[in-house]
Amino acid sequence: MVEMRVAGIALDAASRSPIVLLRDPSGRRQVPIWIDQAQAQNIMAGLSEQKSPRPLSHDLMAQLLAAGGLSLERVIIHTIEDSTFRAVLKLSNAEGSATELDARPSDAIALALRTGSGIWMLEEVVADASIPVDAEADAEDAADFRRFLDRVSPAELVRQINRAHSEAEEPTPPDLEADADANPEGDAPG
């Protein structure tokens, strides 16, 4: 197994869907997991370590574990089935008795961030799903994304996503269709 860390949240360029990026200790491999907007916000809240005035869902889960005498030992992302990652929560009580609970990786990651628990992934999953990392470009993208998040409200983000979806569904203007017919290869005329 490989202990992973959350490298950040990114947006898929084509679908504008959020992606949580898990990076291995060497910093050379990264595993992208596509998530929804609410899951991205939960993970970002866990990364920021800022306390909200009222507990969010994963804060409440962490409090319930503590109140029940359980601790989250680690999260294990163990398989990919039909492009869907599978995870378990490894819990233990004061007597050392262990239990595993099935969980979505996004929920497991958000909970691990709040409890300081490790996020582990089987080597086979890392090998199958990882992409190589360009650390310099990644740091620049992360800084750009943080600046974007600092400037945009959740309502504006939803408006931008809706605008992008509606633009993707709009038909191609007739003048662009004519250009495409004249040059089917898609290369610029010249």
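The model is a predicted one.

I will start with strand β4, residues 70-81, and strand β5, residues 84-93. They pair in the antiparallel sense, over 10 bridges. The two form a hairpin with 2 residues between them. In that turn, Asp82 has a positive phi of about 50°. If you want a pair to look at on screen, take Glu81, whose bridge partner in β5 is Thr84.

Lys90 has Glu100 in β6 as its bridge partner. β5 and β6 also make a hairpin, with 4 residues between them. The turn contains Gly96, which has a positive phi of about 90°.

Next, helix α3, residues 105-115. How many of its 11 residues are buried? The count is 8, so the helix is largely enclosed by the rest of the structure. For that count, buried means under 20% relative accessible area. The buried residues in α3 are Pro105, Ser106, Ala108, Ile109, Ala110, Leu111, Ala112 and Arg114. Gly116 follows α3, and its phi is positive, near 75°.

Last, the surface. Which residues gather in a patch of negative charge there? They are Asp134, Glu136, Glu140 and Asp141. Of these, Asp134 sits in the loop between β8, residues 131-132, and α5, residues 135-151.

That is what I have.

Technical notes: Residues are numbered from 1 along each chain as its sequence is written. This is a predicted model: local features need pLDDT of at least 70, side-chain atom pairs count only at pLDDT 80 or more; totals for chains, interfaces and linings use all residues. Side-chain values use heavy atoms; hydrogens and water are left out. Two strands pair if DSSP finds at least two bridges between them. Patches are made of residues with over 30% relative accessible area and no salt bridge: like charges are joined within 9 Å, nonpolar side chains (Val, Leu, Ile, Met, Phe, Trp, Tyr) within 5 Å. Accessible areas come from the Shrake-Rupley method with a 1.4 Å probe; for residues, only the protein chains shown count as cover. A salt bridge is a side-chain nitrogen of Lys or Arg within 4 Å of a carboxyl oxygen of Asp or Glu. Lys and Arg count as positive and Asp and Glu as negative; His and the chain ends are not counted. The place of a charge is taken as NZ of Lys, CZ of Arg, CG of Asp or CD of Glu. Buried means under 20% relative accessible area, exposed over 50%, partly exposed in between (1.4 Å probe, protein chains only).
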